[in-house]
Amino acid sequence: MCFDPITILSVAGTALSAGGALMQGQQQQQMANMQAKAYEQQAQADQQASAFEQAQERKKQDLLQAQARAQVGASGVAVTGSPTEVMAANAAQNQLDLKAIQYGSQLRQNSLNTQADISRFSGKQAKTASTFEAGGNIFGGLRSIKFGNSAFSPNASAAIIGARGGYVGLY
């Protein structure tokens, strides 16, 4: 069976179109995975920055507590009663400040990890969509190819259908 140049070009164009759709999906998935990795790295960097910020805050608070104790001691007031309650209240507030830093960091990390998951999902969706697009391109390309006046040559159609209208096959 000999194909004319138009049919050959049509088949080649269909193959290129389908291959291009698949490649595009692969590239989109790779880009989404790289973006996800970047989000995860940002989350890890935020965790490290939060740990450093908490350590700095803890040092600052320890220094302020030491100064408060020194002032109480220098004033000649006993470290019982009101001064002790003030120091305890300051310590409790200091703990809240540290927890707030940690909580804010955890929220940012959760957001970045969620963005990473969304990015990966988008990549998978793009890859799946490209597979369907490639299939559609192949189907559309095959529909446009004519073998004679029908999808198959008249001899092939007759051989497949048979004289009585049932499937006979090609022999």
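Figure 1. Gln54 is found in helix α1, and helices are DSSP runs of H or I of at least four residues, while strands are runs of E of at least two, numbered from the N terminus. With a relative accessible area of 13%, Gln54 is buried, a word that stands for under 20% relative accessible area, whereas exposed stands for over 50% and partly exposed for values in between, with a 1.4 Å probe and protein chains only. Residues are numbered from 1 along each chain as its sequence is written, and side-chain values use heavy atoms, with hydrogens and water left out. Because the model is predicted, local features need pLDDT of at least 70 and side-chain atom pairs count only at pLDDT 80 or more, while totals for chains, interfaces and linings use all residues.

Figure 2. Gln29 is another residue found in helix α1, and at 15% relative accessibility Gln29 counts as buried. Not counting residues up to four places away in sequence, Gln29 touches Gly123, Lys124 and Lys127.

**Figure 3. The largest nonpolar core.** A nonpolar core is a set of buried Ala, Val, Leu, Ile, Met, Phe, Trp, Tyr and Cys residues joined through side-chain atoms within 4.5 Å, and the largest one here has five residues, namely Ala36, Tyr39, Ala43, Leu112 and Ala116. Helices α1 and α2 each supply at least two residues of this core, and the largest share, three residues, comes from α1. Leu112 touches Tyr39, Gln42 and Ala43 when residues up to four places away in sequence are not counted. In soluble globular proteins, nonpolar side chains tend to be buried together.

Figure 4. The structure holds four salt bridges, each defined as a side-chain nitrogen of Lys or Arg within 4 Å of a carboxyl oxygen of Asp or Glu. Glu40 forms one of them with Arg120, and the closest N and O atoms of this pair are 2.6 Å apart. The pair links distant parts of the chain, since Glu40 lies in helix α1 (residues 5–75) and Arg120 in helix α2 (residues 82–144), 80 residues apart. Glu40 counts as partly exposed at 33% relative accessibility, and Arg120 is also partly exposed, with a relative accessible area of 27%. In a further salt bridge, between Asp46 and Arg108, the closest N and O atoms are 2.7 Å apart. Asp46 lies in helix α1 and Arg108 in helix α2, so this pair ties together parts that are 62 residues apart in sequence. Asp46 is buried, with a relative accessible area of 15%, whereas Arg108 is partly exposed, with a relative accessible area of 40%.

Figure 5. The side chains of Lys60 and Glu57 meet in a salt bridge with an N to O distance of 3.7 Å. Both residues lie in helix α1, where Lys60 and Glu57 are three residues apart, about one turn of the helix. Lys60 is partly exposed, with a relative accessible area of 46%, while Glu57 is buried, with a relative accessible area of 16%. Elsewhere, salt bridges that share partners join Glu40, Asp117 and Arg120 into one network.

**Figure 6. The span and the end of helix α1.** At 1.5 Å a residue, the 71 residues of α1 should span 105 Å, and this agrees with the 103 Å between its end C-alpha atoms; the expected span is 1.5 Å times one less than the number of residues. Helix α1 is followed by Gly76, whose phi is positive, near 85 degrees.

**Figure 7. Confidence along the chain.** The protein chain averages a pLDDT of 79, and 79% of the residues score at least 70, pLDDT being the predictor's confidence in each residue, from 0 to 100.

Terms used: Contact = heavy atoms within 4.5 Å.
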